[in-house]
Amino acid sequence: MPRAALAVLVLISCSGPQLKEHVADLSKLVPATLEAERPRDGDPRTVKIRVYADSGVRARDTWKDEIAEQVDYASQLLTPLLGAQLTIESTKDWSRTGDVKAALAELQALDKAEDVTFVVGYVTANDTATKVMSDLGASQALGRHIIVRAWAEQAETDALASTLPDLKEAERAELIASHRRHKQTVVLLHHLAASLGAIAETDPTWIAHPSYSPKQHGFADRTRELMTIGIDERLAENTDPVIASKLLEAIEKAEWGGWIASDKELRASLLRNIIDAGKAGKTASDIPPAALDHVAKVRTLAKNGDTVTALSDLDNLLTAYPGNASMHQLKCEIMLVKPGVADVKTRAACKRVSELAPGDPLPHLAVGEALLRAKDTAGARAELVLAESKIGNLPSGADDVWRRVIAMYKGMEALTWAEEAIAKAKLDKDPIAAEIATTRTRYGIPRNNKVKPEQEAALVAAVKGANSLINASKYGEAEKTLATADRSWPNAPGVATMRCSLGFQTGRIDAARAACNKALSLDPNTSWALYLAAVIALRDASGTKAGIEKLEKAIKVDPELGQAWRALAKAYHRAGNKTALDQLAKDYQARFGQPLPR
């Protein structure tokens, strides 16, 4: 609850009749509390934002605390509303100068929003008080960058003071502070919402209204629906054209009078432009404006499972527009669902897209995804190779398409192909690169192990499968799995590691020790082998030092291996190394968000 509102409630509950009446009057002057009806189920997702502040903002001593407070207040609404919790990743000085109207473009050029969901720039305030949201901040549909103007201290204070009754200085200051906090938070939320696909609302008490009001407290349900699509798809790292398509479908599924009609049309047009821009250069031709409603109907029919009617209607459209690649792409996508990728007519429909738009990677991606779902790894790989060769034709959004390709490789556990795609896309700092590195380290699949890329998926599956069987105490089946794996990959560190695990679980300690030693001789950085070897060493008091060394290395090469952290805590306790144990506890809390078990 905002500080001012809380103060009012406390005073009302603790004061005499006259003071209660006075404070109750003050409560009418406090801005509305931000709130969400029907909280979203599930744990909230973290939404990282990076904050920039120009010199005008930084001139105020408390600027950093105030921004943090506003972000936290915005998060108090977004967490139940969208299941999204805002977290400031970092706060940076912004040495910008010139017209603040150019600030959004400057911020986009300065920071590409890597490793964060949004970049928010706080810029110098207006000279006058205003309620126009477009003057108080800036954003773009599906953009990753947001501008928030600072509070116009003198102008806003003067405007508020003229509406307040005769108050004590402390009361006046607290009320003004509550208005400052509310307005700045609402401006941030307004432009976050716009970037997620929100449309301007007619009710002045809703945050998406074009003008600010201290009575604003939340968003309408239809706007919440759009924002939910926007944040879910953004966090899933889907491409802008995919997000735009889903938003457009949600907007057009039913009429609603709560949106300002002109802004609805503008937003729909912008979303169509984003969809079309993702197809430029390839790239498939735009869908004619006259056919947009018909195409939207086809999409709705397909989404609802009526593929027969959808394809029939689409074929009627294609009679009028036989060379429109975007419509043929839609036909390809519908047919990949039913009758499916194995159907000859489906493959012919998808091939037609490539004939009309030979530089477009999207039909290859669609077919590749369908083949992957059908467990045809070789076929999926062939389509992805073709897609990779065409991504460079895209005028924008190439990184998002690369991420889609990389995610598919990661999904099939094709580690080398994923790493090669990461290198081509220059996305080595992307989180998925770290995930692939962890898979290699934990399951003993080093790059220099001479395993052919096309065999990596089978090797990873064998290692993970054996691990699951061991954990389920199905030791006989695990032995069979490892025997088969040994014949295919006799020098795979991951297979040796699972033999170590099997030996340990069945009480054959000498065999386990030998298998772990083999794994580590093949790859000294196999984290699970390091962990198991340490646990074996720690069985004897004389092995404490060796166990600690192996566990420390396991954590270094695989920081997410929680078992190694917990085993190391016990080892430090045994060794009486309180300093190391205390530091480990701090590091564990920072990484895993919970206390280290002792």
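Helices here are DSSP runs of H or I with at least four residues, strands are runs of E with at least two, and both are numbered from the N terminus. With that in hand, hi everyone, let's walk through this one.

First, what we're looking at: this is a predicted model, where local features need pLDDT of at least 70, side-chain atom pairs count only at pLDDT 80 or more, and totals for chains, interfaces and linings use all residues. Residues are numbered from 1 along each chain as its sequence is written, and side-chain values use heavy atoms, with hydrogens and water left out.

So, the overall picture. The protein chain has 28 helices and five strands. Its C-alpha atoms fill a box of roughly 85 × 80 × 45 Å along the principal axes. Of its 598 residues, 49% count as buried; buried means under 20% relative accessible area, exposed is over 50%, and partly exposed is in between, with a 1.4 Å probe and protein chains only. As for contacts, meaning heavy atoms within 4.5 Å, take those between residues at least 6 apart in sequence: 66% of them join residues at least 24 apart.

The five strands make an open, mixed sheet in the order 2-1-3-5-4. Its edge strands are strand 2 and strand 4, each of which pairs on one side only. Pairing here takes at least two DSSP bridges between two strands.

Let's stay with strand 5, residues 145-149. How many of its five residues are buried? Five of the five, so strand 5 is largely enclosed by the rest of the structure. As a reminder, side chains in a regular strand alternate between the two faces of the sheet. Here, His145, Ile147 and Arg149 point one way, while Ile146 and Val148 point the other way.

Who are its neighbours? Strand 3, residues 118-123, pairs with strand 5 in the parallel sense over five bridges, and Val120 has Ile146 as its bridge partner. Strand 4, residues 137-138, pairs with strand 5 in the antiparallel sense over two bridges, with Ala138 standing opposite Ile147. Strand 4 and strand 5 form a hairpin with six residues between the strands, and in that hairpin Leu142 takes a positive phi near 60°.

Next up is helix 5, residues 103-110. Its buried residues include Ala103, Leu104 and Leu107. They cover an arc of only 100° around the axis, which puts them on the same side of helix 5; that arc is taken from the directions from the helix axis to the C-beta atoms. And what covers the buried residues of helix 5? The cover includes strand 1 (45-54), strand 2 (84-94), strand 3, strand 4 and strand 5.

On a 1 Å grid over the protein atoms alone, a cavity is a set of points where a 1.4 Å probe fits but cannot get out, a pocket is an open set with protein on both sides within 12 Å along at least five of seven lines, and lining residues have an atom within 4 Å of a point. Points are joined across faces, edges and corners, and a volume is the space filled by probe spheres set on them.

There are three cavities of 30 Å³ or more. The largest cavity is about 60 Å³, and among the residues lining it are Val47, Phe118, Leu192 and Met227. Helix 4 (63-82), strand 2 and helix 9 (221-235) each supply at least two residues of that lining. By class, the lining has ten nonpolar residues, no polar and no charged. For the classes, Ala, Val, Leu, Ile, Met, Phe, Trp, Tyr, Cys and Pro are nonpolar, Asp, Glu, Lys and Arg are charged, and the others, Gly among them, are polar.

The second largest pocket is about 410 Å³. Of the 19 residues that line it, the closest to its centre are Lys131, Leu160, Thr163, His179 and Pro214. Two elements give two or more residues to the lining, helix 7 (153-161) and helix 8 (169-195), and helix 7 gives the most, with three. This lining has eleven nonpolar, three polar and five charged residues.

Last, two single residues. Leaving aside residues up to four places away in sequence, Arg267 touches Ala141, Ala194, Ala198 and Ile199. Asp306, in the loop between helix 12 (292-303) and helix 13 (307-320), is partly exposed at 31%. Asp306 and Lys338 are 32 residues apart in sequence and 9.8 Å apart in space, C-alpha to C-alpha.
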